[in-house]
Amino acid sequence: MIAPLLRLGAFVGLMAAVLPSQAAPQATADAELWRRECAFAATMADRDLQAFAGFVSEQAVFHSGPTPLKGREAVRSFWQRFYTEAAAPFSWYPDQAELLEPGRLAYTSGPVFGEDGRLIGRFHTIWRKESDGTWRVLLDHGGTPDAKDRERHARPDPEACR
């Protein structure tokens, strides 16, 4: 009985060492947020402004321009400029996703890359689960990448949202 368990343990350990680690969190709620952030980012790659706006809360505040953008329509109107060209001017994906207040508020963060794949920033997003049960962006703020970001995210990871 013990020998098969030892073999199973050795096999699991070997597979953990050989297989690539998943970037997405394992907890169900955090994984749901991870997927939600990835779907939000896909609107940029897909060049779909209407889908982008659907991720934004009516009460959202985005720190994207010279003054905070308040409300979905203000955000959509400002961000329209990023959806006009055939190629996306930037991309992003999460490297953090966690519940702040279970079932109601959550946080995602991750690297932002320029059109050329160069690391240009870091996003910080607060999500709120709204009355219809959908997670929407309540607060979005960007920042400058730090040394840790430059080390971890030298190039975009094509597997980050898979």
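1. What is the volume of the second largest pocket? The value is about 250 Å³, where a volume is the space filled by probe spheres set on grid points joined across faces, edges and corners. A pocket here is an open set of points on a 1 Å grid over the protein atoms alone, where a 1.4 Å probe fits, with protein on both sides within 12 Å along at least five of seven lines; lining residues have an atom within 4 Å of a point.

2. This is a predicted model: local features need pLDDT of at least 70, side-chain atom pairs count only at pLDDT 80 or more, and totals for chains, interfaces and linings use all residues. Residues are numbered from 1 along each chain as its sequence is written, and side-chain values use heavy atoms, with hydrogens and water left out.

3. The second largest pocket is lined by 17 residues; Ala-41, Ala-45, Ser-91, Trp-92 and Tyr-93 lie nearest its centre. Helix α2 supplies the largest share of this lining, five residues.

4. The largest pocket has a volume of about 320 Å³. Of its 18 lining residues, Trp-79, Phe-90, Val-112, Asp-140 and Gly-142 lie nearest the centre. β6 gives the most to this lining, with five residues.

5. The whole structure holds 15 aromatic pairs (ring centres of Phe, Tyr and Trp, the last by its six-membered ring, within 6.5 Å; planes under 30 degrees apart are stacked, over 60 edge-to-face, the rest tilted). Phe-62 and Trp-79 have ring centres 5.9 Å apart and planes at 85 degrees, so this pair is edge-to-face. Both Phe-62 and Trp-79 are buried (under 20% relative accessible area, 1.4 Å probe, protein chains only; exposed is over 50%, partly exposed in between).

Conventions. Helices (H or I, at least four residues) and strands (E, at least two) are DSSP runs, numbered from the N terminus.
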